[in-house]
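Hi everyone, thanks for making time. I'd like to walk you through one protein today, so please have the picture open and follow along with me.

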Amino acid sequence: MSAPKLSDILTTDFGMQEDIIAEARRVGVEQDICLAEALIKKKVITELQLLKAYSRLYDLPFVSRLPTEDMETDFAKKVPIGFLKKHTIVPVILAEGNKSGLSPDFTAVLGEARAVIAINDPTSFPAADDLAKLINTDDFEADDFEIVLSTRESIYALINIAFDSSRDTAQQLVADMEENSGDILSEIEETADLLDDTSDAPIIKLVNHVISQSVKIGASDIHIEPEQHSFKIRYRVDGILYDMLTPPKWMQASLVSRIKVMAKMNIAEKRLPQDGRFEVKIGNQSIDIRVSTIPISDGERVVLRLLNKSGSLFELTQLGIEKERLDIIKELIQTSHGIVLVTGPTGSGKTTTLYAILSTINSPDINIITIEDPVEYKLKGVNQIQVNSKIDLTFARGLRSIVRQDPDVILIGEMRDLETAEIGVQSALTGHLVFSTLHTNDSASAITRLVDLGIEPFLISSSVLAVVAQRLVRVLCDECKQPYTPDDITLKRLGISPENAADIVIYRPQGCPKCFQSGYRGRLGIYEILRLDETIQSMVLKTHDSHQIKKQAIQQGMSTLYQDGISKVLKGITTIEEVLRVTQS
């Protein structure tokens, strides 16, 4: 009798139809991925179901949740974290053979052994053998390990606990907290440099470690997310959230309180959302951190937005703008009056683009005044005002004062309401060059947004010079990106016929230690510039339908966000998946 196949188990045990498996197999061949990966990608099977199928196919025990307490984490000193994450593999070693508190399914798997190696992919046996040899000690040898299947989330949780808390394990931090619970928050004071902070309070060390690690890997945000029986700490790097640490649940309240103290927020108020901010220094870097908390059913959810104020400002030529569009922008910013809008979702690089523009035109003979929320970088020679709602210094109120300060150029952080938009339009009509941002999906939608705010179409057509829409795409890591010949579906998305595809080579991510196994390092912008020439101006007077405006602009030669992204794919800068992710085409 022949051995069962994965497809057989899926049809018999999970009732999956054969035509679905056949379709997934076809997708797998086209995208060069295995059947299991194709099934998960098409969302016809969950990871849990797949692992149970693997368990039967390979006769391997499956453990849904690995233990994270009373485990040895010394392997973090011997095994690179990149190796463990690349193969989604982790050793689970009991501290001094302690088997108390383990789940029944894990105890059954462990048997008489003291350690197991948990894998997510049953083809990772060579990696499991290498790992066993790396952590071989006098207490047990490579052959003493049991192999088990487990979920990616559970494996990553144990990896992160071992590495992110390797200097002070989560268990040690908790023990210290229990011993000094009355003094932990009372002894917290702002420190000049996190790297110089020698405080012994475990919660202070944990917060400092989380912040310094986030800066080290270039994260823009830290998310602290409570769950019913645990909580997660996640970092956003290059626009993508990564799970970094899963500390014990009982540390949650103290960690949130520590952050609230640093941000000068009310630690006793846990029922209402709060906002705060603080600054820290890490080495020679000055980091401005904005803190937001909201109450959810399992505790307070905290997001920290990190702004590295020591980072150098970008120049226009460093943003990824193609020469044709760069020439348009340079022409626009030399205009004496009018509005230039930059649009895109939160985190799409609008402020960075505007700062690059101001740096380009900044000179002693012009007066530049900005009103922002917040002031993200200090520009030499530029007068910058920060919005402060506590004293009623809003965009509109600040703008009314700015126009009496004889400015040549005005930057409005965001046109949030009718009053702000009206003052911006009037400023443009009375001889000022105005820059501002809007949250819209594309350039043409900005016109619709202004009309929705209450600005008359004839004022828009006479004041707005252009709208620049932008997104950020991740840049492929030069160290590990892999060339490949695209399939027919990808060629169609690229706008290339199969007969013209002989010389087309595009790249896909691979993953290496330098890019934290992500395959990407850094980001660049993709741009779409809608100029309001006479034709578009006349059209705005008749209709503010963004689809019609965009259609007309494309007929006149406007290159869309998607087209700019595809040009970067063909140059080997990014991937088509990245372009589709940010443009949703």
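Let's begin with two tyrosines: both Tyr-355 and Tyr-377 are buried. Bear in mind as we go that this is a predicted model.

How do we talk about two rings that sit together? A pair of aromatic rings is described by the distance of the centres and the angle of the planes. Searching the whole structure turns up 2 aromatic pairs. In one of them, the ring centres of Tyr-355 and Tyr-377 are 5.8 Å apart and the planes meet at 75°, so we call this pair edge-to-face; the cut-off for that label is over 60 degrees.

Which form does the peptide bond from Asp-373 to Pro-374 take? The bond is cis, and its omega is near -5°.

Arg-474 places its charged end over the ring of Tyr-520, 4.0 Å from the centre. Likewise, the charged end of Arg-508 sits over the ring of Tyr-484, at 4.5 Å from its centre.

Next, two residues with a backbone angle to look at. Thr-88 is not a glycine, yet its phi is positive, about 45°. You'll find Thr-88 in the loop between helix 5 (81–87) and strand 1 (89–93). Lys-264, also a residue other than glycine, has a positive phi near 55°. Its place is the loop between helix 11 (252–262) and strand 7 (274–282).

Are these two buried or exposed? Thr-88 has a relative accessible area of 5%, so it counts as buried, the limit being under 20%. Lys-264 has a relative accessible area of 72%, so it counts as exposed, which takes over 50%.

Finally, how far can we trust the picture? The protein has a mean pLDDT of 84, and 88% of its residues reach 70 or more. Confidence is highest in strand 10, residues 338–343, at 97, and lowest in helix 9, residues 170–179, with a mean of 46. The pLDDT is below 50 over residues 167–175, a stretch with 16 contacts in the model beyond near neighbours in sequence. Residues 177–192 also stay under 50. Where pLDDT is low, the predicted coordinates should not be read in detail.

Terms used. Residues numbered from 1 in each chain as written. Predicted model: local features only at pLDDT ≥ 70, side-chain atom pairs only at ≥ 80, totals over all residues. Heavy atoms only, no water. Phe/Tyr/Trp six-rings, centres within 6.5 Å; stacked < 30°, edge-to-face > 60°. Buried < 20%, exposed > 50% of the residue type's maximum accessible area, 1.4 Å probe, protein only. Lys NZ or Arg CZ within 6 Å of the ring centre and 35° of its normal. Helix = DSSP H or I, 4+ residues; strand = E, 2+ residues; numbered from the N terminus. pLDDT = per-residue confidence, 0-100. Contact = heavy atoms within 4.5 Å.
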